[in-house]
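These are notes for a colleague who is opening this entry without having seen it before. Please read them with the structure in view.

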Amino acid sequence: MSDHYDVHGSGPVLLIIPGGAGHPMGLEKATALLSERFTVVTYDPLGLAHGRLGEPVEEQRVEWWSEGAARVLDAVLPEGESAYVFGTSAGAVAALDLASRHPDRLRHVVAHEPPAVAVLPDAERQRAMFTQVRDTYRAQGIEAAAAHMTAGIEERPLTQQELDKVSDSEPQPPSPADELATPMAIMLTRVVVPFTSHSPDLVSLSAPSPRLTVAVGVDSAGQLLHRTASFLARRTGNVARQFPGGHLAAQTHPAEFAARLKETLLPAG
C-alpha cells in the first residue's frame with residue numbers, strides 16, 4: 001500500500017487533510033504560508049495529485065482516510081512526538097475519525113466545517129439530500145448536481161433560475177470514465193454519501209486530549225455546514241471558532257485563513 005503526501009517547511013508537524021476527494025488543489029497559497037512555521041504534510045488519500053486521477057476508485061470509507069493519515073504520521077513524525085492536524089470538509093470528517101482512533105499521536109485537531117450531518121436532529125433529511133445530489137449527478141450531470149448541492153448546503157429551495165436551468169438543459173449523464181475524470185466527479189460519486197453518513201465518535205471526541213477545535217466560516221452563518229459544525233462543537237463540549245470566509249476559505253482567503261489557523265494552533269503567550 002502506498003500513501004501519497006507532500007512535505008514543505010520546517011517546525012512542528014502539521015498534517016493537512018483536504019476536502020472534496022482529497023485533492024490538495026487550491027491549497028498551495030495557504031500551505032506556503034503555513035510552512036513558514038510548520039512542517040506541513042499534505043495528505044492526498046486517493047493519490048489524485050500524484051498520477052492516479054482517472055484510475056478506478058471504489059466508494060470511500062472515512063476510516064480508510066484516517067488510517068492512511070495515521071500511516072503518514074508514522075512515516076514523518078519523530079518518535080515520541082505528536083502532530084497538529086487540520087482537516088476541511090470531507091478531510092475534517094477524516095480528521096475527527098483520526099482523533100478518535102489515534103489520540104496519542106495528535107496534539108491539536110482543527111476540523112473546519114465537517115459535513116458530519118449524521119449528528120444533527122434532522123440527519124435523515126440531510127443524508128437524503130446528499131444522496132439526491134449524487135443521484136442527480138448520475139442522471140443529469142454536473143450542473144444539475146451542483147445546483148442541488150448548493151441549495152441543500154444553503155438550506156433553501158432551488159431558485160426559479162436554478163430550476164429553469166436544470167429543466168431546460170439536456171440531461172448529460174456521465175459515463176463511467178467521466179465519474180473518474182475529475183476530483184469533483186469522484187467526490188460526488190465516491191465520497192459525499194459515505195462521508196456525510198458517517199457518525200463521529202462523540203464520546204472520544206469529548207476527551208481532553210487531543211485538543212479539538214471545530215471551525216466555522218463567518219460567511220457560512222445560516223447554512224447547513226455551519227449548523228452542523230456548531231452542533232458538533234456543543235456535543236463535544238467545545239465552542240465553534242470562527243474562521244474567515246466560507247466553506248472554501250482555505251482556497252479563497254488563504255492569507256487570512258492561514259493566520260487564523262496559526263493563532264489557533266500556536267496561541268501567543
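Notes on helix contacts, salt bridges and backbone

1. Glu143, Ala144, Ala147 and Ala151 of H5 are in contact with Glu162, Lys165 and Val166 of H6. Sorted by class, the residues of this contact are four nonpolar and three charged, with no polar residue. The model is a predicted one, and the remarks below should be read with that in mind.

2. How do the two helices lie relative to each other? Two packed helices are described by the angle between their axes and the distance between the axes. Helix H5 covers residues 142-153 and helix H6 residues 160-168; their axes come within 9 Å and cross at roughly 155 degrees. Angles over 145 degrees count as roughly antiparallel, and H5 and H6 are therefore roughly antiparallel to each other. The crossing of H5 past H6 is left-handed.

3. Glu162 also takes part in a salt bridge. Its side chain meets that of arginine 156, with 2.9 Å from N to O. Glutamate 162 is buried, at a relative accessible area of 16%, while arginine 156 is partly exposed at 26%.

4. H4 passes H7 in a crossing that is left-handed.

5. Which residues make up the contact of H4 with H7? From H4 they are Arg127, Phe130, Thr131, Val133, Arg134, Tyr137 and Arg138, and from H7 they are Ala185, Leu188, Thr189, Arg190, Val192, Val193, Thr196 and Ser197. By class these are seven nonpolar, four polar and four charged residues.

6. Over the whole structure, a search finds 17 salt bridges. One of them joins the side chains of glutamate 67 and arginine 101, at 3.7 Å from N to O. Glutamate 67 belongs to helix H2 (residues 62-76) and arginine 101 to helix H3 (residues 90-101), so this pair ties together parts that are 34 residues apart in sequence. Both ends are given as partly exposed: glutamate 67 has a relative accessible area of 27%, and arginine 101 has 41%.

7. Another salt bridge links aspartate 122 and arginine 227, whose closest N and O atoms are 2.9 Å apart. Why does this pair connect parts that are 105 residues apart in sequence? Aspartate 122 sits in the loop between strand S5 (106-112) and H4, whereas arginine 227 is in helix H9 (residues 224-235), so the bridge ties those two parts together. Aspartate 122 is buried, with 16% relative accessibility, and arginine 227 is partly exposed, with 28%.

8. That bridge does not stand alone. Asp122 and Arg227 are linked with Arg125 and Glu155 in a network of salt bridges.

9. The loop between S5 and H4 also holds glutamate 113. Phi of this residue is near 45 degrees, a positive value in a residue that is not glycine. Is glutamate 113 buried or exposed? Its relative accessible area is 0%, and glutamate 113 therefore counts as buried.

10. Serine 89 likewise has a positive phi, about 55 degrees, without being a glycine. Serine 89 is placed in the loop between strand S4 (83-88) and H3. Its relative accessible area is 16%, which makes serine 89 buried.

11. A further backbone point concerns a cis peptide bond. The bond joins serine 209 to proline 210, with omega at about -5 degrees. Proline 210 is found in the loop between helix H8 (202-205) and strand S6 (211-217).

12. Finally, a pair that is separated in sequence. Threonine 252 and leucine 27 are 225 residues apart along the sequence, and their C-alpha atoms are 9.2 Å apart in space. Threonine 252 lies in helix H10, residues 249-252. At 52% relative accessibility, threonine 252 counts as exposed.

How values were computed: Residues are numbered from 1 along each chain as its sequence is written. This is a predicted model: local features need pLDDT of at least 70, side-chain atom pairs count only at pLDDT 80 or more; totals for chains, interfaces and linings use all residues. Side-chain values use heavy atoms; hydrogens and water are left out. A crossing is left-handed if the near helix is turned anticlockwise from the far one by less than a right angle, and right-handed if clockwise. Helices (H or I, at least four residues) and strands (E, at least two) are DSSP runs, numbered from the N terminus. Contact means heavy atoms within 4.5 Å. Ala, Val, Leu, Ile, Met, Phe, Trp, Tyr, Cys and Pro count as nonpolar, Asp, Glu, Lys and Arg as charged, and the others, Gly among them, as polar. A salt bridge is a side-chain nitrogen of Lys or Arg within 4 Å of a carboxyl oxygen of Asp or Glu. Buried means under 20% relative accessible area, exposed over 50%, partly exposed in between (1.4 Å probe, protein chains only). Axes are lines fitted to C-alpha atoms, for helices over the stretch in contact, and angles run from 0 to 180 degrees between N-to-C directions. Angles under 35 degrees count as roughly parallel, over 145 as roughly antiparallel, 65 to 115 as roughly perpendicular and the rest as oblique.
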